[in-house]
Amino acid sequence: MGLWLVAVMLLVGLSARAQSGSINAFSPYTMYGIGEINTPGTIAQRSMGGVGVAARQAGTINLLNPAGLSMVSRKSFLLNFGGEGQNYYNSQTLNGANKKSAHNSFSIRDIAVLIPLYRNLGLSVSVTPYSSVGYRMMYDHAFSESDPVWGNVGRVNYQYQGEGDVTEVKLGVGYQLFKNFSIGAAVQYYWGDIDRSFIMVPVAITGGGTFNSISGESLYSISRFKAQVGVQWNAILTDKRILTFGAAYDFGGSLNPDVEQTIQGGDIYETLVKGDTTHLALSLPHKLVVGVHYQNAKWAVGVDYDYQDWGSSNTKSEMTGVNAATGTAFKVAYRDSHTIKAGVEFTPARYDVRRFWKRWSYRAGVRYGSFHQSYDGRELTDMAVTCGVGIPFKFLGMSAVDVGFEYGMRGYNVAKSVGLVRQQYFKFAIGFRLFASGTENNEYWFMRPKYD
């Protein structure tokens, strides 16, 4: 018990360093709130489009529904860990010119442990990135003959940048209350820092006047507890097939971050002025996910529906940016998000002794829904296709290497009409599932030797 606890604490420290040491998202859509919400779940679940709220599979950790933790083997130990590389490609058409940018990053994720507490009672501890902020943008104030800024000052250049992450630590338990019906509950702790700043630099184009620059910074420090509950019901449970329905509910609420906000003048005294700009509230929504999962010896198929009430949890809005079509500022606000996820897994022959690749699990999925913020009152489409493979370490063993890929797009449906960025992203993930249970498959990973 002490060994796995030390391992988890070490991985938690490495995860915190990885999340805080680099920009893990690169998107102008992370300029507000807590940024881009990462797709939850293990690599296997994300490779199937993110489905899994109803999944009950031995040798896996269900990070989407604590009720799934009741599917735990006695005298066993399961450790998940891995990393994810990301490539963001952004493009935008301004004044007839096509602007492009790209960014690569890597982060540690999928750190989770599952152990049995009693028969049909499992305990899990996990550390995963919840959201990421990362952007760098420049904007020149548009010329207008009647604009007093251009008439008295000249060109004004604005520079915006931000970075940070919110990490989720979850402690969950799942219990099979009676045959074919399981319940679960989890406590979630969110922590992280988000740093946003801007610089306004006036550049005189006529006369000899000089003007001071203005800079500002907003630092959000988050530390908050939340909770989650879940249920799973096996409608069919035989030796040949399993049909399971599941649901999970996350309790939302304000993150109540500690905020340090400053505006500083660029004069010789470096005049400091405190402000109260919030750039939209930092709140988590109430979240409901329902799904169905079917599996037999070769196939596993799942479909999930994900609803999050961002609009009710965050009622503030902000006028910002410029609509490329109308030349006027547009409104940014939170809105409820709806997402459909579907995925499939195929394992040709789990018990094939001679052909190793027949025991591999091949996965694919799709995710389609709406982004949790609206721009000029318009909904942004958020979609992705995924695939992956699970490679077992040994015959009849549950330990495996999981590899996953994801390609997604955002903003294409309204980019031209509103003047927003068209975003594409690629994600590559690799992780390890280490399953130890000498009573079932002789996988001894962490057993103390009896003799030296």
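**Reading charge pairs, cores and contacts**

Student: Is M200 buried, partly exposed or exposed?

Tutor: Buried means under 20% relative accessible area and exposed over 50%, with partly exposed in between (1.4 Å probe, protein chains only). M200 has a relative accessibility of 21%, so it counts as partly exposed. This is a predicted model, in which local features need pLDDT of at least 70 and side-chain atom pairs count only at pLDDT 80 or more, while totals for chains, interfaces and linings use all residues. Residues are numbered from 1 along each chain as its sequence is written, and side-chain values use heavy atoms, with hydrogens and water left out.

Student: Where is M200 found, and which residues is M200 in contact with?

Tutor: Helices (H or I, at least four residues) and strands (E, at least two) are DSSP runs, numbered from the N terminus; M200 is found in strand β6. Contact means heavy atoms within 4.5 Å. Leaving aside neighbours within four places in sequence, M200 is in contact with V156, N157, Y158, S213 and I214. Y158 is 42 residues from M200 in sequence, yet their C-alpha atoms are 4.6 Å apart.

Student: How many residues has the largest nonpolar core?

Tutor: A nonpolar core is a set of buried Ala, Val, Leu, Ile, Met, Phe, Trp, Tyr and Cys residues joined through side-chain atoms within 4.5 Å. The largest one here has 25 residues, and Y29, I34, Y130, L255, Y375, L380 and L420 have the most contacts inside it. Among the elements that give two or more residues to this core are β4 (121–140) and β18 (361–375). Another core, of 8 residues, lies apart from it and includes L63 and F435.

Student: How many salt bridges does the structure hold?

Tutor: Side chains of opposite charge can pair when their charged atoms come close. A salt bridge is a side-chain nitrogen of Lys or Arg within 4 Å of a carboxyl oxygen of Asp or Glu. The structure holds 16 salt bridges. In one of them, E36 meets R410 (3.2 Å, N to O). That pair links strand β1 (residues 36–37) with strand β20 (residues 400–410), and its members are 374 residues apart. Both E36 and R410 are buried.

Student: What does the salt bridge between K427 and E36 tie together?

Tutor: The side chains of K427 and E36 meet at 3.8 Å, N to O. K427 lies in strand β21 (residues 422–436) and E36 in strand β1, so the pair ties together parts that are 391 residues apart in sequence. K427 is buried, as is E36.
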